[in-house]
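Trainee: I have a structure open and want to learn how to read it. Can you take me through some features?

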Amino acid sequence: MKGLHIHLNGVFFLKMSNEALQNNSRNVSEKISTREIDLVIVESCIFIILDLAALAGNVMVCLALYRNAALRKVPNYFVLSLALTDLAIAVFVIPLSASSSIANRWVFGTVGCQIRYFCAHSMSAISLVTLMLLAINRCFVVTRPVLYRGIYSKKRAFLMILASWLVPITVVLVFYFAAGLHFQPLVKQPADCFLYSRDANGLAAARIVRILWISVPSLVVLICYLKIFRAIRQHNRAVASSLRLGYSSFGVDEAKMTRTLTAVVVGFYISWSPVLFSIFLEKLNAISETTFKYYNFYFSFPYFISSVINPVIYTIMSRPFRKEFLKILHFQY
């Protein structure tokens, strides 16, 4: 009987027999088992530090929005949504990877695989959709300020955020069940599982869905920010023209908020760039056996650090958030 095998990140598809699949798992395990103890210690410590930082930083973001009514503006509702996805990663994903890295093998069984990677896939999709909604929000406030005030009420923003959670989670759930996809751990494979299905069409559809949920939001984000930068440039060059076009409503506070949220978007894509580069290398079969033992870290580190950087960006670039963070920490601002 033939089966199909796909890496959890949708990186490759291999058609092989059950016997070949077992041999592949055994070969992978042999490579992983050669990981030096110092590598295990360093990787585990980094995962633990990232988890604590993600928990602390994103809890502070949620507390700041809860404590300070002045921060509860429409764009910051999307910021809250991002913080919640990062908290989910910090609770359901990073601890499993850290524990398995310490043990140098996957210790949570098949059920743990389903929890970790369903959460990872769905939260990634939600984050991308939220970044897209943020980009559209900023595009409206800069280029169509009058229309923006008519569209972006707090109630509508809440409904957008609710849809940004429900739609990706529903799609991932329905799609995995319909395509017969499931995750399985490999023997002694630290902090990692693989996605299996005997249905070639299901795996092909999985690849298409993954490409769509990355490319479509990313394309919308790119288009929106191109429009934003062009509008701001026109505003700076010709104040008189901007008054006629309605850009004068784009004030100092909105400019600061747009810069901060732009940094959030840029930070997200920069942190994910090593993952995309690793995918490219694996497509070219350019991953050597020596490099393979670091492979899990290559994938996990940038993905986990993306859950940490947003609170850092708010601290550096947003005075209202920075002030509230200091109050939470009981420092005098």
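Mentor: Start with the ground rules. This is a predicted model, where local features need pLDDT of at least 70, side-chain atom pairs count only at pLDDT 80 or more, and totals for chains, interfaces and linings use all residues. Residues are numbered from 1 along each chain as its sequence is written, and side-chain values use heavy atoms, with hydrogens and water left out.

Trainee: How many helices and strands are in the chain?

Mentor: Helices (H or I, at least four residues) and strands (E, at least two) are DSSP runs, numbered from the N terminus. This chain has 14 helices and four strands.

Trainee: What share of the residues counts as buried?

Mentor: Buried means under 20% relative accessible area, exposed means over 50%, and partly exposed lies in between (1.4 Å probe, protein chains only). Here 48% of the 333 residues are buried. In α4, the buried residues are I94, L96, S97, A98, S100 and S101.

Trainee: At what angle do α3 and α4 cross?

Mentor: Axes are lines fitted to C-alpha atoms, for helices over the stretch in contact, and angles run from 0 to 180 degrees between N-to-C directions. Helix α3 covers residues 74-92 and helix α4 covers residues 94-103. Their axes come within 4 Å and cross at roughly 30 degrees. Now the label: under 35 degrees is roughly parallel, over 145 roughly antiparallel, 65 to 115 roughly perpendicular, and the rest oblique. So α3 and α4 are roughly parallel.

Trainee: Which residues make that contact?

Mentor: Contact means heavy atoms within 4.5 Å. From α3 come I89, A90, V91 and F92; from α4 come I94, P95 and L96. Next, sort by class. Ala, Val, Leu, Ile, Met, Phe, Trp, Tyr, Cys and Pro are nonpolar, Asp, Glu, Lys and Arg are charged, and the others, Gly among them, are polar. The contact of α3 with α4 has seven nonpolar, no polar and no charged residues.

Trainee: How do α2 and α4 cross?

Mentor: Helix α2 spans residues 37-67. The axes of α2 and α4 come within 9 Å and cross at roughly 160 degrees. That makes the two roughly antiparallel. The crossing of α2 and α4 is left-handed. V40, E43, S44, F47, I48 and D51 of α2 meet I94, P95, S97, A98, S101 and I102 of α4. This contact divides into seven nonpolar, three polar and two charged residues.

Trainee: And how do α2 and α3 pack?

Mentor: Their axes are 9 Å apart, at an angle of about 150 degrees. Therefore α2 and α3 are roughly antiparallel. Their crossing is left-handed. The residues in contact include L55 and L65 in α2 and L80 and L87 in α3. By class, the contact of α2 with α3 has 13 nonpolar, two polar and two charged residues.

Trainee: How many disulfides does the structure hold?

Mentor: A disulfide is a pair of cysteine sulfur atoms within 2.5 Å. This structure holds zero. Take C139: its closest cysteine sulfur, in C224, is 4.5 Å away, too far for a bond.

Trainee: Is C139 buried or exposed?

Mentor: C139 is buried, at 8% relative accessibility. C224 is buried too, with a relative accessible area of 8%.

Conventions: A crossing is left-handed if the near helix is turned anticlockwise from the far one by less than a right angle, and right-handed if clockwise.
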